[in-house]
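Have the viewer open as you read.

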Amino acid sequence: MMSGRQALGEIDRAVDEARARVAAVEARVESAEQQLQAQRRGQLEDYKALARLRVGLLADGALLTHLDESEKQVAGFLAQRETALTLLKEQIQFAESALRNLESERNEQAARVDAAVQTVDAADARTQARLAGDDAYKARLERATEAERKAAHAAEKADRSEAEREEKGVSYRSDPLFMYLWKRRYGQPDYRAWGPLRWLDGKVARLIGFADAGANYARLNEIPERLREHATALATAAESELAALKALDEAARIEDGIPALDTEIVEEQAALEAIDQRVAQARSDLQGLEVRKAFYGAGQDEYNAKALELLTSELQRDDLMELRREALVTPFPEDDLIVARLLEREDERHRLEGALETLRESLVQARQRLDEVESLRTDFKRNSYDRADSQFGNEAMIAMMLGQFLNGVMDRRNLWRVMQEQQRYRPERSDPGFGSGSFGRGTVWGGALGNARPRGDIFGGLGRGSAGRSGGGGKRGGSSGGFRTGGGF
């Protein structure tokens with residue numbers, strides 16, 4: 001078994017690993033970007049060297065002067081970029097440190113919430129033990145349980161009777177002559193008709209045997225109504241008995257000073273939620289800085305864009321292309337060496353651009369995975385899975401699934417489903433299904449967070465009734481003992 005805190009620790013390690021992967025890809029992107037910039041600047045240097053050589057032959061220094069000026073501008077842009085990137089990295093380090101401090105503060109506050117919950121749990125357990133030995137309380141509990149059982153049985157019987165009315169009433173409702181007389185209230189004190197029509201109605205009634213059929217249909221409709229009225233009255237009585245039992249539970253908790261402890265839970269939980277809001281804001285701030293850094297990693301920052309634009313425009317100048325073409329036809333070996341170096345740089349530049357594109361795609365995927373695992377951690381905390389009484393059934397599976405998630409083998413939805421399936425809460429010392437809590441309509445036990453989490457069927461203590469109210473109680477079927485019709489109808 002793995003505790004909720006241990007599982008959160010595994011998720012934290014997964015977040016750290018995802019961050020490390022992002023940082024590693026970012027470093028590779030930055031290195032490739034620097035190599036690409038170096039190749040472009042190298043090309044510019046080669047053209048300058050070629051220009052110097054040609055200056056001696058052509059006596060034209062204007063091109064060389066222009067290239068020197070362009071190189072200085074590119075160097076200035078890159079220096080500004082380095083300064084801005086260094087400042088951004090420092091801001092990210094500061095934001096990461098602030099977030100770690102908040103996470104530590106949250107862990108301490110979560111421990112205080114757990115301590116407050118456990119204090120209430122222990123107090124509830126003592127109160128329940130006292131009530132379990134109280135004869136008057138047990139008598140009240142038995143009355144509430146019996147009233148609940150009767151109400152459930154009556155509701156089930158009324159349901160069956162109503163279903164029988166629908167089923168057996170079909171033959172009556174589908175007979176047009178019978179329904180004609182039924183709707184005219186034939187045979188009832190309020191039946192009204194003038195002479196010839198009354199004679200015809202009587203003839204039809206004798207023909208279809210309406211006297212017996214009408215009496216049967218009346219009983220078929222009347223019995224479910226009376227059973228439902230009876231079930232409603234019993235349900236009201238059961239609610240009254242449950243309210244009286246719940247009042248005893250609440251009074252016992254007040255007598256033992258537990259509501260004051262509940263207030264402490266509320267206060268500690270409110271403090272935890274306030275820290276969670278600060279954590280969320282700090283994480284949002286950090287993500288904003290990381291998005292800005294991602295632009296640098298992708299080479300889309302303003303400084304790199306200016307340097308790239310200048311270099312690209314310079315390397316595509318017509319006079320540089322003419323200089324290169326002239327060098328190819330000269331008999332001087334110095335020209336040939338520089339041109340060969342230019343060609344090698346072009347090949348290397350194309351290779352670096354392809355590798356950089358692949359690295360940038362990898363960086364996008366790594367950042368997406370980091371965002372998802374951080375979102376998973378947020379959901380984990382929001383669902384209180386890190387509470388002290390939270391457990392996960394298979395420690396090895398949780399670690400394996402997180403690893404598969406980081407490697408892209410499993411998506412976030414399936415990982416969360418596995419986490420939910422593995423998560424359980426340890427049974428408390430107190431029983432949330434004690435007394436009035438056993439009727440499936442909330443519980444006063446468990447303090448301010450008593451109903452704040454799902455609970456399995458871990459009850460079995462004093463007060464578990466045999467009949468529930470959620471679906472009428474028990475499996476339907478068999479004989480209802482109600483009205484049966486026969487014959488043609």
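The model is predicted, so to speak with care: local features need pLDDT of at least 70, side-chain atom pairs count only at pLDDT 80 or more, and totals for chains, interfaces and linings use all residues. Residues are numbered from 1 along each chain as its sequence is written, and side-chain values use heavy atoms, leaving out hydrogens and water.

A pocket here is an open set of points on a 1 Å grid over the protein atoms alone where a 1.4 Å probe fits, with protein on both sides within 12 Å along at least five of seven lines; lining residues have an atom within 4 Å of a point. Volume is the space filled by probe spheres set on the points.

| Pocket | Volume | Lining |
|---|---|---|
| Largest | about 560 Å³ | 24 residues |

In the largest pocket, Asp-16, Arg-19, Glu-96, Arg-100 and Leu-286 lie nearest the centre. Its biggest lining share, nine residues, comes from α2, and the lining has 13 charged residues, eight nonpolar and three polar.

Over at the helix pair, α5 (residues 176-183) and α7 (residues 210-255) pack at about 70°, with axes 11 Å apart. That makes α5 roughly perpendicular to α7 (65 to 115 degrees). Phe-178, Leu-181 and Trp-182 make the contact from the α5 side (heavy atoms within 4.5 Å).

Definitions and conventions
Axes are lines fitted to C-alpha atoms, for helices over the stretch in contact, and angles run from 0 to 180 degrees between N-to-C directions. Helices (H or I, at least four residues) and strands (E, at least two) are DSSP runs, numbered from the N terminus. Angles under 35 degrees count as roughly parallel, over 145 as roughly antiparallel, 65 to 115 as roughly perpendicular and the rest as oblique. Ala, Val, Leu, Ile, Met, Phe, Trp, Tyr, Cys and Pro count as nonpolar, Asp, Glu, Lys and Arg as charged, and the others, Gly among them, as polar.
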